[in-house]
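Thank you all for coming; I would like to walk through one model today, beginning with the charged pairs and then turning to the core and the surface. Please have the sequence and the structure open while I talk.

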Amino acid sequence: LENNPSTRQAWHDARAQHARVKQAESQWYPQVDIKADATYDVTKTNIQFSEEKKTTYGAEAQGTFLLLDFGGRASRVREMKEMLLSANFSFNQSFQDLLLDTETAYFDLHSARSTLESARMDLEDTEALLDAARQKFNAGIVTQLEVLQAESNYYNAQYGLEEAKGE
């Protein structure tokens, strides 16, 4: 399943949608912002040859929590869960398509092999008919037209064999 591009893509789409569901569910949690700041400053004066060193630290924290939003968060979470269900169904469909394509390819191969065998047998039959028509023409039993028709059938059978090989 990892080697097939369609199933791999569908699986990754489903996993990405699962992450979107978790992201939507995170809206239920409080939001916290934390900031920290530090400053080190050195000031030199030429008159007194003195230095003034100053270090400043600061921290800030802010927390927000939405108490009432009239169903907005719940609807976004529900929407994401429905989209996840859709992505899962798409993955299942890609898996079923892969199975169907495999079965179809197997039976197409079997059919092509049977068609090839049939074309080979048809070529043998038309070759035998062509030889018989030539012998009858040499014996004076049939006309040149029948020999030419047998040749035409033989060449058509050769074409059918090559077409079956292509399939």
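Predicted model: local features only at pLDDT ≥ 70, side-chain atom pairs only at ≥ 80, totals over all residues.

Let me begin with a term: by a salt bridge I mean a side-chain nitrogen of Lys or Arg within 4 Å of a carboxyl oxygen of Asp or Glu. Residues are numbered from 1 along each chain as its sequence is written, and side-chain values use heavy atoms, with hydrogens and water left out.

By that rule there are six salt bridges, and I will go through some of them. K165 is paired with E162, and their closest N and O atoms are 3.4 Å apart. Both residues belong to helix 3, where they are three residues apart, about one turn of the helix; helices here are DSSP runs of H or I with at least four residues, strands are E runs of at least two, and both are numbered from the N terminus. K165 counts as partly exposed at 45% relative accessibility, and E162 is also partly exposed, with 48%, where buried means under 20% relative accessible area, exposed over 50%, and partly exposed in between, with a 1.4 Å probe and protein chains only.

Within it, K22 and E25 meet at 3.5 Å, N to O, and both lie in helix 1, residues 5-25, three residues apart, about one turn of the helix. The side chains of K81 and E25 form a salt bridge at 3.6 Å, N to O. Because K81 lies in helix 2 and E25 in helix 1, this pair ties together parts that are 56 residues apart in sequence. K22 is partly exposed, with a relative accessible area of 46%, and K81 is partly exposed as well, at 43%.

Let me turn to the interior. A nonpolar core is here a set of buried Ala, Val, Leu, Ile, Met, Phe, Trp, Tyr and Cys residues joined through side-chain atoms within 4.5 Å. The largest one has eleven residues, among them L116, L123, L130, V147, Y154 and L161. Helix 2 and helix 3, the latter spanning 144-166, each supply at least two residues of this core, and helix 3 gives the most, with six.

Finally, the surface. Patches are made of residues with over 30% relative accessible area and no salt bridge, like charges being joined within 9 Å and nonpolar side chains (Val, Leu, Ile, Met, Phe, Trp, Tyr) within 5 Å; the areas come from the Shrake-Rupley method with a 1.4 Å probe, and for residues only the protein chains shown count as cover. F65, L67, L68 and F70 make a nonpolar patch of about 560 Å². F70 sits in the loop between strand 2 (50-64) and helix 2, and it is exposed, with a relative accessible area of 75%.

One more residue deserves a remark: F137 lies in helix 2 and is partly exposed at 33% relative accessibility. F137 and Q93 are 44 residues apart in sequence and 63 Å apart in space, C-alpha to C-alpha.
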